[in-house]
Amino acid sequence: MKLKSDSEKHLIIAGFGGQGVLFLGTTLAEAALIEGKNTTWMPSYGAEMRGGSANCYVIISDDEIPSPIFDEADIGVFLSKAAINKFEKNISKGGTILANSSMTGERAIINGINYILEPLSDIVAHSKDKMLLNIMALGLLIRKTGILTRESVIKALEKVSSAKKPEFLKFNIESFEAGYNMTKEMARC
């Protein structure tokens with residue numbers, strides 16, 4: 001019996017507490033709902049929160065989702081070295097890893113996986129504008145994978161930001177656009 005439909009995408013988003021990992025996952029799930037897709041979002045974080053590990057599992061599908069639990073992901077978004085070390089093995093062959101190379105460093109590439117390695121922490125640190133690392137990663141993820149539309153993610157940011165911290169909406173949208181429009185020249189700061 002086949003449990004995963006062809007339209008179903010499994011994502012693992014991981015980093016450490018304070019990097020906005022759960023917010024990124026919530027925004028993805030909200031954008032999927034805006035597009036009329038089925039979605040699940042399952043968070044996990046250490047008791048120590050900021051500085052501890054944080055991750056979430058997101059499923060996006062055109063079809064009914066039989067279970068929110070999975071062993072292999074199609075996409076991994078890893079914002080810290082500990083995150084990629086822990087979850088890289090869970091990315092399926094043909095899958096994609098987007099990693100913050102400022103923190104994950106140089107690494108051996110696993111054959112059969114597409115890597116998007118960008119120094120996101122360095123870009124944020126050197127930006128003249130206030131940028132949010134997690135949302136910049138979200139913009140880059142959407143542009144590189146096309147898993148959801150730019151428009152639905154912006155609508156989701158408007159909804160999720162206004163519910164949590166409306167003062168961050170401007171920074172969230174600017175950070176998303178910076179990641180979405182990132183060029184190799186920007187990435188090599």
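1. Let's begin with a definition: two rings of Phe, Tyr or Trp (its six-membered ring) pair if their centres lie within 6.5 Å. In this predicted model, such pairs link Tyr57, Phe70, Phe78 and Phe87 into a cluster. The count of aromatic pairs comes to five.

2. Next, have a look at strand S1, residues 9–16, where six of the eight residues are buried. Strand S1 is joined to S3 (residues 53–61) by eight bridges, and the two run antiparallel; here Gly15 has Ala54 as its bridge partner. S1 also runs parallel to S4 (residues 73–78), with four bridges joining them, and Ile13 is partnered there by Val77.

3. Now for the charges: the whole structure holds five salt bridges. One of them is between the side chains of Asp62 and Lys37, at 2.8 Å from N to O. Asp62 lies in the loop between S3 and S4, and Lys37 in the loop between helix H1 (21–34) and strand S2 (38–45), so this pair ties together parts 25 residues apart in sequence. Lys37 is buried, with a relative accessible area of 19%, whereas Asp62 is partly exposed at 48%.

4. Arg150 lies in helix H6 and Glu177 in helix H7, so their pair ties together parts 27 residues apart in sequence. The salt bridge between Arg150 and Glu151 is 3.8 Å, N to O.

5. One last thing to find on Arg150: its charged end sits over the ring of Tyr180, 5.8 Å from the ring's centre. Arg150 itself is partly exposed, at 28% relative accessibility.

Methods
Residues numbered from 1 in each chain as written. Predicted model: local features only at pLDDT ≥ 70, side-chain atom pairs only at ≥ 80, totals over all residues. Heavy atoms only, no water. Buried < 20%, exposed > 50% of the residue type's maximum accessible area, 1.4 Å probe, protein only. Pairing = 2+ DSSP bridges. Phe/Tyr/Trp six-rings, centres within 6.5 Å; stacked < 30°, edge-to-face > 60°. Lys NZ or Arg CZ within 6 Å of the ring centre and 35° of its normal. Salt bridge = Lys/Arg side-chain N within 4 Å of Asp/Glu carboxyl O.
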